[in-house]
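Please read them alongside the sequence and the model.

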Amino acid sequence: MSTEQKDILENRQGEVLERSTDAVAAKKLYIESYGCQMNFSDSEVVASIMSENGFSTTRDLEQADVVLINTCSIRENAETRVRKRLTEFKKKKADNPDMVVGILGCMAERLKKSLLEQEKLVDLVAGPDAYRDLPNLIDEVGTGQKAVNVLLSRDETYADISPVRLDKGGISSFVTIMRGCDNMCSFCVVPFTRGRERSRDPQTIVQECQDLFAKGYKEVTLLGQNVDSYRWNITNKGEIKNKALPTVNFAQLLIMVAKVSPDLRVRFSTSHPKDMTDEVLTAMAAYENICNYIHLPVQAGNSEVLKRMNRGYSREWYLERIEAIHRIIPDCAVSTDIISGFCAETDEEHEETLSLMDIVTFDFAYMFKYSERPKTLAERKFEDDVPEAVKSKRLTQIIEKQQAHSLASNKRRIGRTEKVLVEGVSKRSEEHMSGRTGRNSMVVFPKGNFEKGDYINVRIVDCTSATLLGEAVEN
Ligand code: SAH
Ligand code: SF4
Ligand code: F3S
């Protein structure tokens, strides 16, 4: 597998990032995040709760009084990586016994006390809805008690917490708009680790976006496991909760955020094919600053597999939603997630994933081998019976096809001029800057006098399957 393929595979859910800032304070927190964007966003909420309690963040593990690791359970290998890291922390603790090591996020929720009591890898365990309790839990560790809080909540959204941004001087930020998930896709552990779906007060979302813009941020990504089912003051049966108050759905929320400023780009993730409405697509078409990019995970191209996955849509429904995107939003990029080798998947069913890819020609995709997760519907109802070698072979076919489609998609941009938000100096060359187009493609171009946060027009002159190369043109 090429490095590029590896990057693509790892960036979605497996990337390890240490996004902490240094500051002067009595106590130091070192926080490391794994998994999805939601976890990175949660770490900023955690940093905020901890800073209220006298902790500043550090990038230097050696300086840390408290080490927190925000973890992911989505696939087995995500958990394996975290366990390795926890073993390293345990060694560090041997030299510095006062250092508190805590585990947060989805593994904390899934494994609960076992990491603390049986495996003795950590001092503290806090699930995704228990972060307000962290200062108490840390005190409990100090008094020798077992510090565990894995209670899931029906209404915690951390709405009032102003997250501490861990990427100093950043221009793009995540904003969590909802938590949990009620969908119960049969392969997925998230409903068990994150609890019931709940939406955050729209006023606090808009306020957070306004604050970010005032601080120089130029882009927000609204986060939820299924943003299309965002609803405020509406029950899940569609009834109004309080008739005296307005209701807000996702399309309306998008417009409220887009109105913060035409210079604030709005993105969102993740859309769900069963719930994505034309109203959302129309809102995207109407506002220039809502980016023309939709991440619409398909998972599989065969309707029977989709039924076993409990995704709530068929192949035909998905293709109709793709048509709606192209009908309503001219030049919209679409990316997806695909799982290879789900329970009982036949060669013919796998072929339908490949044929769906040919019909849609995704601009980008995250591709995974099925990994059975404890407690999920699939684990209880089906057998994980596709041999590893077959899963791998199918995944390779999927990846190869996607690479060809990504390259073709990028080649179609050559000769066009795209509006790019400059993100900074290119990772590969000091002489170049990089940024993203509204369609979420990475563009590299000669440095000039541009600065992070500028909007510039770039003419695309060349590409690889992962990156566009361009030249700035007069605005
Ligand atoms: N809420 C998002 C997905 C969150 S998980 C959505 O519905 O799209 C991100 C991706 O991980 C999923 O889209 C799926 O492709 C993949 N995934 C989830 N569980 C998995 C499992 N058990 N094995 C392999 N991939 C999985
Ligand atoms: Fe998991 Fe499905 Fe919820 Fe996504 S929508 S988080 S795949 S259960
Ligand atoms: Fe992983 Fe939990 Fe996100 S399982 S993908 S960190 S919701």
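1. L152 has a relative accessible area of 36% and is therefore partly exposed; the term covers values between buried, under 20%, and exposed, over 50% (1.4 Å probe, protein chains only). L152 is found in the loop between β6 (147-149) and β7 (172-176), where helices (H or I, at least four residues) and strands (E, at least two) are DSSP runs numbered from the N terminus. Neighbours within four places in sequence aside, L152 is in contact with E109, D129, F192, T193, R194 and G195; contact means heavy atoms within 4.5 Å. The C-alpha atoms of L152 and A26 are separated by 31 Å, the two residues being 126 apart along the chain.

2. On the basis of the model: it is predicted, so local features need pLDDT of at least 70 and side-chain atom pairs count only at pLDDT 80 or more, whereas totals for chains, interfaces and linings use all residues. Residues are numbered from 1 along each chain as its sequence is written, chains are lettered from A and ligands numbered from 1 in the order in which they are written, and side-chain values use heavy atoms, with hydrogens and water left out.

3. N70 belongs to strand β3 (residues 66-71). Its relative accessibility is 0%, so N70 counts as buried. Beyond the neighbours within four places in sequence, N70 is in contact with E32, S33, Y34, N39, D42, S43, L104, G105 and Y131. Between the C-alpha atoms of N70 and E219, which lie 149 residues apart along the chain, the separation is 24 Å.

4. The peptide bond from S269 to T270 is cis, with omega near 10°, and T270 lies in the loop between β13 (265-269) and α10 (278-286). A344, although not a glycine, has a positive phi of about 65°; A344 is placed in the loop between β15 (333-340) and α13 and, at 37% relative accessibility, counts as partly exposed. K375, a residue other than glycine, has a positive phi near 80°. The loop that holds K375 runs between β16 (364-369) and α14 (377-381), and K375 counts as partly exposed at 48% relative accessibility.

5. Helix α13 (residues 347-360) packs with helix α15 (residues 388-411) at an angle of about 10°, their axes being 10 Å apart. The pair is therefore roughly parallel, a class for angles under 35 degrees. Axes are lines fitted to C-alpha atoms over the stretch in contact, and angles run from 0 to 180 degrees between N-to-C directions. The contact is made by D347, H350, T353, L354, M357 and D358 of α13 and by R394, Q397, I398, K401, Q402 and H405 of α15. By class, this contact of α13 with α15 has three nonpolar, five polar and four charged residues; Ala, Val, Leu, Ile, Met, Phe, Trp, Tyr, Cys and Pro count as nonpolar, Asp, Glu, Lys and Arg as charged, and the others, Gly among them, as polar.

6. As to the protein chain as a whole, the secondary structure comes to 15 helices and 21 strands. Buried residues make up 55% of the 475 residues. Of the contacts with a separation of 6 or more, 71% are between residues 24 or more positions apart.

Methods
Angles under 35 degrees count as roughly parallel, over 145 as roughly antiparallel, 65 to 115 as roughly perpendicular and the rest as oblique.
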